[in-house]
Amino acid sequence: MIFSTLEPFTREGTDLPVPGPAGAFPMAAVAFRNGPASLGFAPAGDHLAMTVPMARPGEPGCVETWWCEEPPETGRAGDILYACGDEVALCAAVVEHRSVYAPAVEQRYREVFAFLEAHGYRRLLRVWNFIETINAANADGLEVYRDFCKGRADAFAAHPVFSRSMPAATGIGTTGSGISFFLLAVKDAEVRHIENRRQTPAYRYPARYGPRSPSFARATTMTARPGEAPTLFVSGTASILGHETVFAGDIEKQCATTADNIAELIGNCYGGAKSLTDVDAVKAYVRHAHHVEYVREFCASAFGPRASLAVFNVDICRGDLLVEIEAIVG
Ligand code: 3HB
């Protein structure tokens, strides 16, 4: 119904893998590259083209493409862009740089929620948020991540349905300016949001982590058709137990704890029938450039050879986190 491909960015002139998967139509190509954030339509207008500033100068970056089973309807609704298939919608928005983000983030999220509700996509599946200078202070002295969380939480709180069903998400730094996000939502597929027994739900974090808690679940499952195995979308996951960061300063132990947290979600979802080596797609975010190779090797060995892997050198939502990893299990 919906799936993604993740590939190194190698081609000039197109963001799409050539040839694309059989019987699949692109909804959006998200290029994680060096360069400014942008959001628009591909020249043929048949899918969204988004650039997220995630690579460093000289790094080629990669392209994540989201595919569905029928040609999506694409368009613009106010400040948001969408690609809608019969069952699944992908919406994206960019908030230009500003000194305080919460009001604009709240407004964009509200627009997206209103669009989804009006078109019958009432089940949020997965959200990615890309946040400039995520650990810096905004004009009011509030960390930009917390500023973002405030705007997002206010939008969730105002929505009668989505406030009770926060999905898997990533909230991560970028190498550029502004905040951009894209999300997936479905109409009828079964969607379940999952917490991790090892961690406090992020939406219940104590006030010391910011004025409003982060609005996301640790993972979301989607079962496209009854009787099928679910797809598991694992949120950005880090070395957090309860609500505390553990192993500050130790990249090896942070990687191991992160992998254990992901393994717990996979084991729980599939009743022990799947494990880390069944993961299809991995994105790892690494705070320090000198840890990138270690994390790449860690992921290659922890997740097994069939997983596609992208590693980005960007900041992470807490200053003491060195690594964050997200995954999809098909
Ligand atoms: C988020 O705020 O959406 C978020 C942040 C993370 C990891 C996962 C989700 O660092």
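This is a predicted model: local features need pLDDT of at least 70, side-chain atom pairs count only at pLDDT 80 or more; totals for chains, interfaces and linings use all residues.
**Exercise 1. Work out the order of the strands in the open sheet of 6 strands, and say which strands are at its edges.**

Step 1. Reading across the sheet gives β12-β13-β14-β19-β17-β18, with mixed pairing. In general, strands of a sheet pair through backbone hydrogen bonds, either parallel or antiparallel.

Step 2. The edges are β12 (190-194) and β18 (308-313), each of which pairs on one side only. From one strand to the next, the twist averages 10 degrees.

Step 3. Helix α3 (residues 251-269) lies across β12, β13, β14, β17 and β19, and runs at about 155 degrees to β14.

Step 4. Glu264 is found in helix α3. Glu264 counts as buried because its relative accessible area is 19%, given that buried means under 20%, exposed over 50%, and partly exposed in between, with a 1.4 Å probe and protein chains only. Leaving aside residues up to four places away in sequence, Glu264 touches Asn196, Arg197 and Arg198.

**Exercise 2. Describe the open sheet of 5 strands, and decide whether Pro57 is buried or exposed.**

Step 1. The strand order is β1-β5-β2-β4-β3, again with mixed pairing, and the edge strands β1 and β3 (38-41) each pair on one side only. On average, neighbouring strands of this sheet are turned by 15 degrees against each other, direction ignored.

Step 2. Inside this order, β2 (residues 25-33) and β5 (residues 62-68) run antiparallel and are joined by 7 bridges, and the bridge partner of Ala29 in β5 is Thr65.

Step 3. Pro57 sits in the loop between β4 and β5, and it counts as exposed because its relative accessibility is 68%. Between the C-alpha atoms of Pro57 and Gly151 there are 31 Å in space, although the two residues are 94 apart in sequence.

**Exercise 3. Say which residues line the largest cavity, and how the lining of the second largest pocket is made up.**

Step 1. The structure holds 1 cavity of 30 Å³ or more, and about 60 Å³ of space lies in the largest cavity. On a 1 Å grid over the protein atoms alone, a cavity is a set of points where a 1.4 Å probe fits but cannot get out, a pocket is an open set with protein on both sides within 12 Å along at least five of seven lines, and lining residues have an atom within 4 Å of a point. Points are joined across faces, edges and corners, and a volume is the space filled by probe spheres set on them.

Step 2. Among the residues that line the largest cavity are Leu6, Trp128, Val282 and Glu326, and β9, β17 and β19 each supply at least two of the lining residues.

Step 3. The second largest pocket, with a volume of about 280 Å³, is lined by 14 residues, and those nearest its centre are Gly61, Cys62, Arg296, Ala310 and Val311. The most comes from β18, with 5 residues.

Step 4. By class, this pocket lining has 9 nonpolar, 2 polar and 3 charged residues, where Ala, Val, Leu, Ile, Met, Phe, Trp, Tyr, Cys and Pro count as nonpolar, Asp, Glu, Lys and Arg as charged, and the others, Gly among them, as polar.

Terms used: Residues are numbered from 1 along each chain as its sequence is written. Side-chain values use heavy atoms; hydrogens and water are left out. Two strands pair if DSSP finds at least two bridges between them. Helices (H or I, at least four residues) and strands (E, at least two) are DSSP runs, numbered from the N terminus. Axes are lines fitted to C-alpha atoms, for helices over the stretch in contact, and angles run from 0 to 180 degrees between N-to-C directions. Contact means heavy atoms within 4.5 Å.
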